[in-house]
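This briefing is meant to be read alongside the sequence and the 3D structure. Please keep both in view while going through the points below.

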Amino acid sequence: HLPTATFVASDVVAAGAVSAIHEKGFRIPDDVAVVGFDDVPLARYLSPALSTVHIPIRSMAQLAFSMIMQSINRQPPEEKHIFLDTQLVIRKSSAASR
């Protein structure tokens, strides 16, 4: 049986899933909904546009840089567990027209 939805760990891999689903003759999102993760610019240009989870890349990079500098300066990191907000971006790959 065909799944009704798939969540893929990255948008680039989700693009491959979209291509494979199309090659098999299935329709997105009518037959299978597809959602990726990371919200790369490619996601909005796929056909259909890819629903995805947006992650705050700039904040992640700033935090990583800060932790690297602390390590270089032989300072213990300020945080051991860091939680950043994500956002579900709903586009046409998961919103079937019913």
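At 18% relative accessibility, Asp38 counts as buried, where buried means under 20% relative accessible area, exposed means over 50%, and partly exposed lies in between (1.4 Å probe, protein chains only). This is a predicted model, in which local features need pLDDT of at least 70 and side-chain atom pairs count only at pLDDT 80 or more, while totals for chains, interfaces and linings use all residues. Residues are numbered from 1 along each chain as its sequence is written, and side-chain values use heavy atoms, with hydrogens and water left out.

- Asp38 lies in strand 2, and its phi is near 125°, a positive value in a residue other than glycine.
- With a relative accessible area of 14%, Asp39 is buried.
- Most residues other than glycine have a negative phi, and most peptide bonds are trans.

**Cis peptide bonds**

- The peptide bond from Ile28 to Pro29 is cis, with omega near 5°, and Pro29 is found in the loop between helix 1 (11–23) and strand 2.
- The peptide bond from Ser47 to Pro48 is also cis, with omega near 0°, and Pro48 has its place in the loop between strand 2 and strand 3.

**Overall fold and dimensions**

- The protein has 2 helices and 4 strands, where helices (H or I, at least four residues) and strands (E, at least two) are DSSP runs numbered from the N terminus.
- Read from the N terminus on, the elements run β-α-β-β-α-β.
- The radius of gyration is 18 Å, well over the 13 Å that the globule rule gives for 98 residues, so the protein is more spread out than a compact globule; this radius is taken over C-alpha atoms, and the rule is 2.2 Å times the number of residues to the power 0.38.
- Taken along the principal axes, the C-alpha atoms fill a box of roughly 55 × 25 × 25 Å.
- Of the contacts in the protein with a separation of 6 or more, 69% are accounted for by residues 24 or more positions apart, contact meaning heavy atoms within 4.5 Å.
- Buried residues make up 31% of the 98 residues.

**Salt bridges**

- Side chains of opposite charge can pair when their charged atoms come close.
- The count comes to 3 salt bridges, each defined as a side-chain nitrogen of Lys or Arg within 4 Å of a carboxyl oxygen of Asp or Glu.
- The side chains of Arg91 and Asp39 meet in a salt bridge at 3.2 Å, N to O, and this pair links distant parts of the chain, with Arg91 in the segment after strand 4 (87–89) and Asp39 in the loop between strand 2 and strand 3, 52 residues apart.
- Arg91 counts as buried, at 16% relative accessibility.
- Salt bridges that share partners join Arg27, Asp30 and Asp31 into one network.
- Arg27 is partly exposed at 48% relative accessible area, as are Asp30 at 29% and Asp31 at 26%.

**Aromatic residues**

- The count of aromatic pairs comes to 1, on the basis that rings of Phe, Tyr and Trp (its six-membered ring) pair if their centres lie within 6.5 Å, with planes under 30 degrees apart counted as stacked, over 60 as edge-to-face and the rest as tilted.
- Phe7 and Phe37 form this edge-to-face pair, at 6.3 Å centre to centre and 80° between the planes.
- Phe7 lies in strand 1 (residues 5–7) and Phe37 in strand 2, so the pair ties together parts that are 30 residues apart in sequence.
- Phe7 counts as exposed at 53% relative accessibility, whereas Phe37 is partly exposed at 29%.
- Tyr45, in the loop between strand 2 (33–38) and strand 3 (51–54), is exposed, with a relative accessible area of 65%.

**Surface**

- The protein exposes about 7,100 Å², of which carbon and sulfur atoms supply 59%; accessible areas come from the Shrake-Rupley method with a 1.4 Å probe, and for residues only the protein chains shown count as cover.
- A nonpolar surface patch of about 460 Å² is made by Ile57, Met60, Leu63, Met67, Ile82 and Leu84; patches are made of residues with over 30% relative accessible area and no salt bridge, like charges being joined within 9 Å and nonpolar side chains (Val, Leu, Ile, Met, Phe, Trp, Tyr) within 5 Å.
- Ile57, one of the patch residues, is found in helix 2 (residues 57–72).
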